[in-house]
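Dear colleague,

Please find below the structure that I am handing over to you. My notes on what was found in it follow directly after.

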Amino acid sequence: MSDAQPTQATEIAAAVRQVLGDSLGYLYPAALRVALRNDIADHLTDGPKTAQQLAELTGVHGPFLHRVLRFLATRGIFREDQSSAFHLTPAAHVLRADTPYSVRSTALLLTDEMYWQSTGRLEDTVREGSTVFNDIFGAPLFDYLDQNEESAGTFHTGIADLSTIEQGGIAGSYDFPETGKIVDVGGGPGGFLRTVLANNPGLQGVLYEQDAVLQQHQLDDEAIEGRWETAEGNFFDVAPTGGDIYVLKRVLHDWSDDDSLRILQAVRKAMSDQARLLVIDAVVPPGNDPHPAKLYDVAMMTIFDGKERTEPEFKELLGAAGLRLVRVVPTPGTVSIIEAVTA
């Protein structure tokens with residue numbers, strides 16, 4: 001009995017620390033945004049600096065900045081030495097704007113008020129079963145972005161930079177055929193399609209998007225010259241025919257099951273019996289272990305009526321559209337490649 005009581009007390013104390021720490025978890029993205037908005041990582045590129053030196057460069061309050069950076073150092077963002085100077089860490093390096101794998105713009109997006117305010121009303125979202133983004137900002141996300149140039153820039157830059165980081169690993173994880181046509185449905189500015197075509201010189205490609213997106217495409221590359229074209233349209237209604245491989249990369253998780261089914265049905269109508277569909281999204285694993293897909297799934301419900309899905313949920317959704325899930329191919333990042341064929 002005497003041995004059990006200290007053990008129980010220790011477990012309770014640990015549980016209390018966890019719950020109270022988690023209750024203040026919102027302070028971490030708030031502090032991270034302070035560092036991002038003031039380009040702290042960029043200011044440390046040429047060597048460590050104290051918070052006061054950084055404050056003089058950025059125009060903020062030195063002692064308060066020190067407290068924020070000290071907190072971030074507990075999470076591996078920056079490192080404070082015995083002279084109170086802050087150093088770059090591996091995590092801080094990817095916050096710099098000039099690194100090939102910078103996540104600065106994506107982190108700015110994920111800590112933007114679009115996510116921040118919507119997350120603050122997560123309880124309302126759960127109660128209603130629908131995002132409260134529309135109530136807060138007066139319109140669904142994509143309509144809101146059409147009306148707000150600054151927010152649109154933040155959103156599209158953050159998403160595009162994330163895609164740049166991950167697309168090489170995704171493209172290298174799938175064994176594409178030597179010849180044929182790949183149709184990237186809702187493929188944004190075309191970064192993923194460009195990577196696939198550059199890696200597979202026998203393939204042709206079609207970027208299928210809305211006109212406003214196509215005007216900013218990234219396919220003018222000598223490495224793929226003459227092997228691509230664009231097509232404008234609405235993926236809820238129709239998709240280009242004649243493709244051997246169709247791609248939906250980070251598309252379905254933006255939409256509800258009903259809307260995702262409409263997209264899949266449009267793609268299914270365009271597919272021949274020999275064509276394949278690659279759905280590139282996170283797949284939520286079973287069990288209680290942490291996984292990015294479980295985190296992102298909650299984030300999705302705050303601003304979209306979308307979701308991250310389990311493999312059985314993908315199988316059911318694809319089946320309803322007349323498609324059959326063949327396999328799930330992992331990639332080095334968060335997403336997987338869900339390969340499907342006509343049923």
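In this predicted model, Y174 and F176 are both buried. Their ring centres lie 4.9 Å apart with the planes at 75°, so the two rings form an edge-to-face pair. In total, the structure contains 10 aromatic pairs.

Another of these pairs joins F236 and W255, whose planes stand at 85° with the centres 4.9 Å apart, so this pair is edge-to-face. It links distant parts of the chain, 19 residues apart: F236 belongs to the loop between β6 and β7, and W255 to the loop between β7 and α15 (257-270). F236 has a relative accessibility of 17% and therefore counts as buried, the cut-off being under 20%. F236 and W255 also belong to one aromatic cluster, together with F142, F155, F235 and F304.

Two arginines are placed over aromatic rings. R75 lies over the face of Y28, 4.1 Å from the ring centre, and R67 lies over the face of F64, at 5.0 Å from the ring centre.

Turning to the helices, the axes of α4 (residues 51-58) and α5 (residues 62-73) come within 8 Å and cross at roughly 115°. This crossing is right-handed. On the α4 side the contact is made by A51, Q52, L54 and A55, and on the α5 side by G62, P63, L65, H66 and L69. Six of the contact residues are nonpolar, three are polar and none is charged.

Finally, helix α13 (residues 191-199) has G191, F192, L193, T195, V196 and L197 as its buried residues. These pack against α12 (149-171) and against the strands β4, β5, β6, β7 and β8.

Yours sincerely

Key: Residues numbered from 1 in each chain as written. Predicted model: local features only at pLDDT ≥ 70, side-chain atom pairs only at ≥ 80, totals over all residues. Heavy atoms only, no water. Axes fitted to C-alpha atoms, helices over the stretch in contact; angles between N-to-C directions. Helix = DSSP H or I, 4+ residues; strand = E, 2+ residues; numbered from the N terminus. Left-handed = near helix turned anticlockwise from the far one by under 90°. Contact = heavy atoms within 4.5 Å. Nonpolar A, V, L, I, M, F, W, Y, C, P; charged D, E, K, R; others polar. Buried < 20%, exposed > 50% of the residue type's maximum accessible area, 1.4 Å probe, protein only. Phe/Tyr/Trp six-rings, centres within 6.5 Å; stacked < 30°, edge-to-face > 60°. Lys NZ or Arg CZ within 6 Å of the ring centre and 35° of its normal.
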